[in-house]
Every structure is written in structure tokens, then in C-alpha cells.
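Reader: I would like to learn how to read a fold from its strands, helices and core. Could we go through one model together, feature by feature?

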Amino acid sequence: MTLTAHLLYETFTFTSQSQGPQRNSSGFSSRHSDTARRGVPPDPNSVADVPNTATCHPQSHIVFLKTHKTASSTVLNILYRYGESRNLTFALPVGQAMHLFYPKLFESHFVEGFSSGRVKEFHIMCNHMRFRKAEVAKVMPEDTFYFSIIRHPVTMIESSFSYFKGIPAFFNSRSLEDFLDNTNNFKDSAPWNFLAHNNLAFDFGFDHNVTADADDHEDKAKRAVAAIERDFHLILVSEYFDESMILLKHVLCWSLEDVVSFKLNSRSNRTLHQISPNTAEKIKRWDALDWSLYLHFNATFWQKVDSVVGREQMKSEVSQLRELQDKLANTCLKGGGAVDPSQMKDAGLMPAQSGTAVIQGYNLKPDLDSQTRTQCQRLTTPEVQYTQRLKSLQFPVQQKQVKRMVPP
């Protein structure tokens with residue numbers, strides 16, 4: 001039994017004793033429909049497609065569009081752990097790249113092992129890319145489940161201003177307010193400046209150079225919404241991360257253990273900045289396309305919650321997820337939570353730093369047994385180190401050759 005399964009058993013045992021029997025051993029409620037289809041991405045709008053572990057098959061063909069500054073690194077870790085524990089094959093970036101050649105629009109040959117035919121079946125694609133469905137579909141099976149995550153544009157650009165302070169758009173601005181007051185000087189063509197303007201829309205593959213004053217703003221927003229609804233089965237919301245994980249669990253026919261996590265690539269509160277109402281309105285106008293996407297998919301998210309899970313059931317499962325997270329933190333983490341990089345002891349768990357943000361990581365307890373330590377390490381391993389690990393597992397000979405080519 002894994003660490004999370006053991007803690008999950010304790011959680012559900014306590015729940016059943018205090019509230020009466022509500023769940024089966026996998027953590028799904030007995031209200032689920034028996035008509036779920038095997039091997040086909042479930043329709044999150046359909047109650048008939050609500051998963052039941054007795055009848056449905058856990059989805060393992062998955063594309064996650066990893067958007068920027070949306071808690072997507074935590075989702076990536078969930079997918080990495082799920083795939084690694086089941087020996088699934090990831091569509092990883094070719095060579096030593098850590099992303100799928102973002103910001104270029106995705107092309108199938110960006111995936112290691114695809115063009116050569118070395119890999120016959122890919123299960124999960126989840127590294128940063130600029131989405132292009134036709135090329136992704138060349139790599140992934142027809143029954144692939146597509147999902148992504150979005151965030152409120154106000155907090156998203158506040159985070160981006162800190163993380164991406166080195167890009168031309170932000171570099172000379174004293175503050176986010178200063179940047180927003182001088183957007184007439186914005187140069188879309190400057191390197192990486194797309195991170196400062198409708199970055200969600202850009203990641204989804206759309207023309208992002210749109211403001212609220214643009215004549216074609218509404219038309220572009222409608223076309224973007226329609227395209228996302230066509231290409232994606234589910235859009236999650238960062239502000240409701242735990243609720244998003246419960247909804248994802250249901251539509252993928254996964255267990256609570258599969259979606260538990262610790263926050264990764266998260267900033268210290270010392271680098272967070274309060275946004276005034278006036279600045280928030282400026283952001284909504286500057287990132288008008290992202291704001292339109294957020295308004296639409298925040299609404300559809302809750303519609304899916306109501307049709308797939310139900311509000312009361314959602315409250316119950318979120319509570320159980322948080323209880324499991326707390327137990328894992330108490331088991332794994334020295335001090336029980338995240339720490340600044342200056343306080344970290346294990347270089348292998350050190351997150352990459354960016355801009356003016358102070359990106360936190362974790363110290364594991366020193367007295368963990370080998371199996372527990374391995375599981376705790378997977379929960380706390382940052383994206384770069386975990387991607388390198390998976391590459392070495394999937395392409396061991398190739399990675400050894402690359403290492404030999406690198407001078408000491």
C-alpha cells in the first residue's frame with residue numbers, strides 16, 4: 001500500500017465512522033451513474049458520464065495545456081506522478097528542452113520519439129506548449145482527454161510581473177501600475193513580451209494583441225471561446241484549485257489519492273503585491289481577451305460542478321482532499337510546509353528562481369523510510385528535475401549519450 005493510499009484509508013475510515021458510509025474503497029460516491037463509457041473521454045456536461053469505478057475505466061490518454069502562472073506546475077506534478085506510477089509514456093520535449101519549444105506553435109516533431117517512430121503510443125502530454133490541435137492530434141490517440149486551467153487576469157499578471165520581470169515589457173517599469181500606465185509603448189514583437197499581454201489566449205494559440213478598445217475584441221473573444229469548447233473537454237480554474245482537482249478526479253475516473261498534491265512553483269507571500277480596484281480595472285481592459293475567457297469558463301466550470309458532482313458532494317470531497325493533504329504534509333515535510341530557497345537543504349528539490357519572485361520549496365523529514373521518502377520526493381520535486389528524471393527513464397541510452405557530450 002502506498003503512503004497516500006494508507007492515509008486515504010485512514011481518512012475514509014474516520015469519515016465513515018463519523019458521517020455514515022458514503023464511499024467505496026476508491027473514494028467515489030455511490031451516486032455515480034453506471035453508464036460511463038470505457039476508453040472514451042467523458043463528457044463533463046453529461047450526468048450519464050459521471051465516473052463509477054465499478055464500471056468506468058480510468059482515463060490515461062491525456063493532454064494538459066500547461067498555461068503560465070495558473071498553478072499549472074502543481075497539475076503537472078500530479079500528472080507526472082500518475083503516469084510514472086503506472087509506467088505510462090509521456091510526450092516529452094525532444095533533446096534537452098524542458099518545454100515543447102514554446103513559444104512556437106506546437107509541431108508534432110517537438111516530441112521525443114515521435115518522428116523516429118521509436119515510441120508507439122503516448123499517454124500523457126503536459127509540458128508547456130503553444131497549443132495547435134491538429135499537430136497535437138498527430139501525436140496523441142483519438143480517445144485523448146484534453147483539459148487546461150485558467151486564472152483571474154488580475155492576479156495572473158501580478159504574478160507574471162514578478163516572475164517575468166526580466167522581459168522587455170516589464171524590465172524598465174517601476175511597478176505593475178507604471179507598466180499599465182504606459183502600454184502605448186508596448187512592443188508586441190519584443191522577445192517574450194507576449195507574457196505581458198493576454199498570455200492565456202497566447203498559450204491557447206490565439207492572436208493575443210487585443211485590448212477592450214479594439215473593434216474586433218468581442219469577435220475574437222467569441223471565436224476563442226468556441227475553439228476552446230471544441231478542442232477541450234474541461235477547463236479548470238486556479239482560484240478553485242481543490243474543487244478543480246475533485247472535478248478532474250470525477251471526469252477522469254481517478255481516485256482522491258491521484259489528485260492530492262503540494263503547491264509547486266509558488267511564491268513567498270513576501271513578494272505578493274496588493275492590487276487596487278483602479279489597477280484591477282486597467283488590467284481587465286489591457287488583458288480583455290483573457291478576461292473574456294475567464295468570465296466564460298469560470299461560469300462553465302461551476303455548471304460542470306453542478307452536473308457532475310453537486311455542491312454538497314463537492315464540499316465533502318474537498319474537505320477529504322484537504323485532510324489528506326494535511327496528513328501528507330505532516331508525514332513528509334519538515335516544519336509541515338514550504339520554505340524559502342535559502343532554507344532548503346536538498347539541492348535536488350530546489351525550484352528554479354525567476355525574476356523578483358522568491359519561489360519556495362520543501363524540506364523532507366530526515367527520518368523517513370526509503371519507500372515513504374521516494375513518495376514524498378515525488379510530491380515535492382520541481383518541474384525541471386522531474387522532467388529530467390522522466391527523460392532518463394524513457395530514453396536512458398540517449399540521456400547517457402547527451403551527458404557524455406557535455407564537457408566537465
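**Reading the core, the sheet and the helices**

Author: Let us start inside this predicted model, where Met 125 touches Ile 62, Val 63, Phe 64, Ala 91, Leu 100, Phe 106, Val 111, Val 136, Val 139 and Met 140, leaving aside residues up to four places away in sequence.

Reader: Which residues have the most contacts inside the largest nonpolar core, and how many residues does that core have?

Author: The largest nonpolar core has 91 residues, and Met 125 and Phe 147 are those with the most contacts inside it. Helix 12 supplies the largest share of this core, with 9 residues. Another core, of 22 residues, lies apart from it and includes Tyr 102, Phe 161, Ala 169 and Ile 359.

Reader: How should I read the sheet, and what is the order of its strands?

Author: Strands of a sheet pair through backbone hydrogen bonds, either parallel or antiparallel. Here the sheet is open, with 4 strands in the order 2-1-3-4 and parallel pairing. Strand 2 (124–125) and strand 4 are at the edges with a single partner strand each, so one side of each has no neighbour in the sheet. Strand 1 (residues 62–65) pairs with strand 2 over 2 bridges, and Ile 62 has Ile 124 as its bridge partner there. Strand 3 (residues 145–150) pairs with strand 4 over 4 bridges, where Phe 147 has Leu 234 as its bridge partner.

Reader: Are the faces of strand 4 covered or open?

Author: Both faces of strand 4 (residues 234–237) are covered, with Leu 234 and Leu 236 buried on one side and Ile 235 and Val 237 buried on the other. Helix 9 (residues 241–252) lies across strand 1, strand 3 and strand 4, and runs at about 155° to strand 4, while helix 12 lies across strand 3 and strand 4 and runs at about 100° to strand 4.

Reader: What describes the way in which two helices pack?

Author: Two packed helices are described by the angle between their axes and the distance between the axes. The axes of helix 8 (residues 217–231) and helix 12 come within 9 Å and cross at roughly 45°, and these two helices are therefore oblique to each other. The crossing is right-handed, and the residues that meet include Ala 221, Ala 224 and Ile 228 from helix 8 and Leu 289, Leu 293 and Phe 297 from helix 12.

Reader: Is helix 4 mostly covered or mostly open?

Author: Helix 4 (residues 153–163) is mostly covered, with 10 of its 11 residues buried, among them Met 156, Glu 158 and Phe 161. Its cover includes helix 5 (168–171), helix 11 (277–286) and helix 12 (288–309).

Notes: Residues numbered from 1 in each chain as written. Predicted model: local features only at pLDDT ≥ 70, side-chain atom pairs only at ≥ 80, totals over all residues. Heavy atoms only, no water. Buried < 20%, exposed > 50% of the residue type's maximum accessible area, 1.4 Å probe, protein only. Contact = heavy atoms within 4.5 Å. Core = buried A, V, L, I, M, F, W, Y, C linked by side-chain atoms within 4.5 Å. Pairing = 2+ DSSP bridges. Axes fitted to C-alpha atoms, helices over the stretch in contact; angles between N-to-C directions. Parallel < 35°, antiparallel > 145°, perpendicular 65-115°, else oblique. Left-handed = near helix turned anticlockwise from the far one by under 90°.
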